[in-house]
Amino acid sequence: MKTATSMQSKAAALLVVLLISAPVLFSADRGVLPRSALPGVRPLDQIEHHEMPWVDVEKLRAEDSERERSGRPVAPRFAKNVGVAFTPNSSGTWEILADGSRLWRLHISSPGALSLSLGLERFELPGGAAFWVHAPDGSGVQGPYFRKNRNSLGGLWTAVVLGDELVAELHLPKGAEADLRIASVNHGYRFFGERQSSLSAKRGSCNINVVCPQGNPWRDQIRSVARYSVSSGGSSYLCTGQLVNNTAEDLTPYFLTAQHCIEEESWAPTLVAYWNYQSPECDDLRGGNLSQNQSGSTQVASSPFQVGSDLALLLLDDEPEASFNVYYSGWDARDQLPNSTTSIHHPSGDEKSITLDYDPPTVTSLGGGSSPGSGRYLRIDDWDEAVTEAGSSGACLFDDATKRCVGTLSGGYAACVYQERPDQPPLGPDEPDWYGRFYSQWTGEGTPETRLSDWLDPLGSDTLFLDGKNGDGVGTQETWLIPAAASLPGQPPTDWKTQIGVANPSSESRTASVYSVSSGQEWPGELLSGPHTIAANGSLYLDDPMFAKTPFSGLMYVVVDGTGTSTFCRTYTPGPDGGTYGQGQPGILLSAASTETELVLPLIHSEPNVFRTNVGFAQTSTGAFQVRVEVYSSDGSLLGQKDYSQSAAWRQVNDIFANMGIGSSVVEGGWIRVTLISGSPSYWTTYATVIDDTTDDPIYVFPVAP
């Protein structure tokens, strides 16, 4: 059987400088540079290099072929795990850095590998320590991994680095010690990195990327599905799984897949899940990004295909990061059949695909054709669009009408190209697949360890179906805040207008709605215009969208139905040559609650009849808050202090020096501290506008977190 198996911070300026010289040594999703990306470390040619012994890939492929012809569901192997015993005390190179901290690195190569990853059997780090793996040229950074990333066995399995070399890197604070032991170097020989080799092992050409139009009705469920790997003994395997909701709807990270992908409970801690691994273009089967990943899980329920319905339910060690924008899919445990179905999966472990069947499935045994058979499986006679492959196992079968999971893939004979096979059923586009039935998995073999009901209905509500739920993060929308906007006459000759642009560099269209909150008005304000459709790779441009509200001063925000956009705003005075006196602001993405209580405006000026400085405050919630404003000169002198209360969403204090009673001060290059002293807005920010009194030309000053 073929197995179908917060604002801007001081660090931002530093990163810009660093990335000019080390552009790829940056873990974008976790926001922390490997220490070797910074100046003052030894070059890589002075670091110990360990070359692994030769791996007989042809022998591995022969073993794989035999194993996958066994007629039983199996997860496809992608890597040979080569045992080692590397520790910072026995291998690698240490160096003491200028600040007294220590850096350890080990350069590892395994000739011919398509990918490399590490299995660490001990991973004890002190606070402030971090561990990374990356390619020698700085690409493919995975990490940082901290002590909190240890799995239940006290170890860690890293995500893959494409290619046949990697650098392991440990950074310790001054005086700190770590207990770290690398037990295996995992030599990947298929399903990762094939596009960089002469091999042609990618998924079949009939597969459909989830970014294609067929995926449009499934944007939420697509975000629940992950490609994942697990390891046991000397091998690593690939399958598909997805997050599922539970009746408490508390975002417990339950991960549903197939038992034949995780044959033993001890495999679960080695899991590495890759989120959003999908092609950015509809007509390109490549191009996925492996950077959004997490490691570690615990098995909570399992039912093998030999006696049950091929069920594995895992509890991930951590909730996926908010920036991964995941979804928890719904499910249906009732004894009924959908009229048509869809499956979202990673064929051959490659970029995420979508497969559709326009006919009802039938109830059978695994591998059987007569109904009802054991009653534990749903049979897809043949797919109408695309297929599944090895690596797709564990993927949900979704009911098209309800968008709920009704089964998990165990295996089948579907393939893009028809293939005769001796003594076995053929593979081909018209061949069947079988999914373990959610209805059977719900009750399992009658114990919590073999069924779903105890875990997915923790409330004991006897609910048999549940819709999905967005995870923590931006969900299916992005909200961009523009803290200051205007459409009103200012000091002559100014006449302020605001332009706004929303760029959509993604390959999908988006819709955007623009909202305004005027001075003295509470959040969330009111709809200003929209929804506007933004074409793929297009943009939305609005010139003076507040015209109907003139005179207007306040804030704007843009709600985009989808992710991957960016927003910019310009407030200016129109003129015969297109405009004069302008200030620009990039939008602030409101993806999480604000955690800063202190912000700094680092550049202000004040001198009567020369410069004046305005300071504004914005919040994205109802209720009052209070801030303390402290004004400092460039020599560090505190010039003034005043508390400001605000119950509305937006307020601007014009000429803050005069308002605070220090208007006669002459300050060039001073700064302002703004501290939140009461209230708990979900998001708040401040800004300054320095205005030249001669030209009325403004400069927008962004806040930074100290």
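Residues are called buried at under 20% relative accessible area, exposed at over 50%, and partly exposed in between, with a 1.4 Å probe and protein chains only. By this scale Lys-403 is partly exposed, with a relative accessible area of 24%. The structure is a predicted model, in which local features need pLDDT of at least 70 and side-chain atom pairs count only at pLDDT 80 or more, while totals for chains, interfaces and linings use all residues. Residues are numbered from 1 along each chain as its sequence is written, and side-chain values use heavy atoms, with hydrogens and water left out.

Lys-403, which is not a glycine, has a positive phi near 65°, and it is found in the loop between strand 26 (396-399) and strand 27 (405-412), strands being DSSP runs of E of at least two residues, numbered from the N terminus. A positive phi, of about 55°, also occurs at Asp-544, again not a glycine; this residue lies in the loop between strand 37 (538-543) and strand 38 (552-560) and is buried, with a relative accessible area of 12%.

Two cis peptide bonds can be described in turn. The bond from Gly-143 to Pro-144 is cis, with omega near 10°, and Pro-144 is found in strand 7, which covers residues 142-145. The bond from Ser-371 to Pro-372 is likewise cis, with omega near 10°, but Pro-372 is placed in the loop between strand 24 (362-364) and strand 25 (377-380).

Asp-250 is found in the loop between strand 14 (235-244) and strand 15 (254-257), and at 42% relative accessibility it counts as partly exposed.

Conventions
Helix = DSSP H or I, 4+ residues; strand = E, 2+ residues; numbered from the N terminus.
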